[in-house]
Amino acid sequence: MPDALIYAHAPSYDAGYHRWIMGAFTMQALRFNFRTLCRNAAERGEQLQARLLDALGARHGAKALPDFGIERAAQLIGCTANYIRSLEARAEAPQPRLIEAGSLQRRVYNYNDVNHLRTVMGRGVHRPDGAAAARVVFSNLKGGVAKTTMSLHFAQYCAREGYRVLLVDADPQATTTGAFGFIPDLDLGDGDDLSQALLAGPQHLETAIRRTHWAQLDLLPSRLALQYVDWQLSQPAERTHAELGAPPVRLTRALAQVEDRYDLIVIDTPPSLGMLSINAIAAASLIVMPIVPHMYDISSSVQYFRILEQVCELYAREIDVARLAILLTKVDNSTETLNNIAVINGAYGELILSNRMGLTKELQKSASDQLSIYEIDQPRGSRDTYHRAVMMLDAVNSELLLAVRQLWQQQVLVGIEAAEAGHGRVRA
């Protein structure tokens, strides 16, 4: 600070001037240094991350599905418990696992056991012949709408019902990846995500897929480094890449390498409309848009549809979405929420799913343990709260699965009509 400026602002008495000038120099010495703060915060964060990784690594690999009794197994399969017992007695089904229950031994099963029994009984499910793997994308411009929660539970629900599912984590936050026990900084390295499939070639997607503790469910994990891919795909050099094609279609081409193995491909997207989200939308046959019935979220939905319209105009050839469904999430019984739902119904009525996902603490509690509702064996809160959460999830997921089956039926009918038309031309 120039001397003239200091004297110009100095008080007329000596004691006051002394305090003032010392304060000026102190402020100069304590001037905020943002770069130093970031460096110190990063160093402290790395120390904290190391401690967290040590703690998580101690229980790493312990993921398992919950056990339940024969009555629940029979309910899931759609048969009687006695029928399962008779198959096991005749050695026509695998022998069950047994646990001690007092003086008795109790049969126990999990979802993988149930799917094995379905196969033995000839009750396995799969997409119909002539239909492609359904690609279900959970997408919204706004975060905090339960997008990851719903994509995770829908993928697990479909696997529970016996379908072969690939869950793609396209969100660099990697929350879905963590839910399966994979720690990005510990388990995953370069190429163990979508990056190579989008930047180097579609054949790399297969090597990034990971098996999970769900026999019917595979995972394509994510890492924070995937954020770089979002930026890289928007660069001018990527737009004219002869071998890889236009950036928006690269995920579609990569999924084509493996989609024959699956009935459904479920994709969780980041809360944005960057290149990762656009790739997912271009690959989608069904888009599920979760919305929280609050005014800010309603306003965000308007912006989402406007941006989506522009994206469709830019990439008209690449985007071939068959259906869009709006899912209301975090719904409570307040008057304000009910009024907002009425507003949303007035605007988007025919797009809104009949079932809603209510606000429940059971989801929050299970998520804190890196588990889904379908994976916990004991409620984290009251049993009634747990059962309500399961009922809401089952109702929403059942409706979404019905929408997928309708898409499959449409594809089969289109294939039949095309075949008949082709036969007609041959006869002519």
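Modeller: Exposed means over 50% relative accessible area, buried means under 20%, and partly exposed lies in between, using a 1.4 Å probe and protein chains only. This is a predicted model, in which local features need pLDDT of at least 70 and side-chain atom pairs count only at pLDDT 80 or more, while totals for chains, interfaces and linings use all residues. Residues are numbered from 1 along each chain as its sequence is written, and side-chain values use heavy atoms, with hydrogens and water left out.

Helix 16 has 20 residues and runs over residues 295-314. Helices (H or I, at least four residues) and strands (E, at least two) are DSSP runs, numbered from the N terminus. From first C-alpha to last, helix 16 reaches 29 Å, close to the 28 Å expected at 1.5 Å a residue; the expected span is 1.5 Å times one less than the number of residues.

The buried residues of helix 16 are D297, I298, S300, S301, Y304, L308 and V311. They lie on the same side of helix 16 because they cover an arc of only 150° around the axis. The arc is that of the directions from the helix axis to the C-beta atoms. An α-helix has 3.6 residues a turn, so residues three or four places apart point the same way.

The buried residues of helix 16 pack against helix 15 (275-283), strand 8, strand 9 and helix 17. Contact here means heavy atoms within 4.5 Å. F305, also in helix 16, is in contact with M289, L324, I326 and Y348, leaving aside its neighbours within four places in sequence. F305 and N140 are 165 residues apart in sequence, yet their C-alpha atoms are 9.5 Å apart in space.

Y348 leads on to helix 17, where the buried residues are T337, N340, I341, I344 and Y348. These cover an arc of only 105° around the axis, so they sit on the same side of helix 17. They pack against strand 8 (286-291), helix 16 and strand 9 (323-331). The face of helix 17 turned away from its buried side carries the exposed residues T335 and G346. The 14 residues of helix 17 (residues 335-348) should span 20 Å, and its end C-alpha atoms are 20 Å apart, which agrees.
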